[in-house]
Amino acid sequence: MADEGKQAAELIEFIAKSIVTNGDDVRVVIKDGGNLLELETAAEDRGRVIGRQGRVAKAMRALLAASASGADARLEIVD
């Protein structure tokens, strides 16, 4: 399970780094045995990751749910 959590975290990190302007500030923390992924970004990039009406965040969660490694994981965007 831990390996699947790491793969899911790498997927979310890749997507987030593609969206934001400060890719070096993107961090994904694996919690709860891989069932919870917390995405941290720079304050000015948080809006890009969430998107209008949460569309980007929903799309990232949908991709995570569709992947074999992240099917059971939840994604939270933290401050």
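Author: Two strands pair if DSSP finds at least two bridges between them. Helices (H or I, at least four residues) and strands (E, at least two) are DSSP runs, numbered from the N terminus. This is a predicted model, in which local features need pLDDT of at least 70 and side-chain atom pairs count only at pLDDT 80 or more, while totals for chains, interfaces and linings use all residues. Residues are numbered from 1 along each chain as its sequence is written, and side-chain values use heavy atoms, with hydrogens and water left out.

Reader: Why is β2 called mostly covered?

Author: Four of the five residues in β2 are buried. The term rests on relative accessible area: buried means under 20%, exposed over 50%, and partly exposed in between (1.4 Å probe, protein chains only). Glu-38 has 12% relative accessibility, so Glu-38 counts as buried.

Reader: What makes Lys-31 and Glu-38 a salt bridge?

Author: A salt bridge requires a side-chain nitrogen of Lys or Arg within 4 Å of a carboxyl oxygen of Asp or Glu. The side chains of Glu-38 and Lys-31 have an N to O distance of 3.3 Å, so they qualify. Lys-31 is called partly exposed because its relative accessible area is 38%.

Reader: What separates Lys-17 from Glu-13 in helix α1?

Author: Lys-17 and Glu-13 are four residues apart in helix α1 (residues 2-19), which means a separation of about one helical turn. Their side chains meet in a salt bridge at 3.2 Å, N to O. The relative accessible area is 39% for Lys-17, so Lys-17 is partly exposed. Glu-13 has 27% and is therefore partly exposed.

Reader: Why is Ala-16 called buried?

Author: Ala-16 has a relative accessible area of 0%, so Ala-16 is buried. This residue belongs to helix α1. Ala-16 and Arg-52 are 36 residues apart in sequence, and their C-alpha atoms are 15 Å apart in space.

Reader: What makes the phi of Asp-32 worth a remark?

Author: Phi of Asp-32 is positive, near 60°, in a residue other than glycine. Most residues other than glycine have a negative phi. Asp-32 sits in the loop between β1 and β2, a hairpin with four residues between the strands. Asp-32 has a relative accessible area of 53%, so Asp-32 is exposed.

Reader: Where does Gln-53 lie, and what is its phi?

Author: Gln-53 lies in the loop between α2 (46-50) and α3. Its phi is near 55°, again a positive value in a residue other than glycine. Gln-53 counts as exposed because its relative accessibility is 67%.

Reader: Which residues gather in the patch of negative charge on the surface?

Author: The patch holds Asp-3, Glu-4, Glu-10 and Asp-72. Patch residues have over 30% relative accessible area and no salt bridge, and like charges are joined within 9 Å. Asp and Glu count as negative.

Reader: How do you know that Asp-72 is exposed or buried?

Author: Asp-72 has 59% relative accessibility, so Asp-72 counts as exposed. Asp-72 is placed in the loop between α3 (55-66) and β3 (74-78).

Notes
Patches are made of residues with over 30% relative accessible area and no salt bridge: like charges are joined within 9 Å, nonpolar side chains (Val, Leu, Ile, Met, Phe, Trp, Tyr) within 5 Å. Accessible areas come from the Shrake-Rupley method with a 1.4 Å probe; for residues, only the protein chains shown count as cover. The place of a charge is taken as NZ of Lys, CZ of Arg, CG of Asp or CD of Glu.
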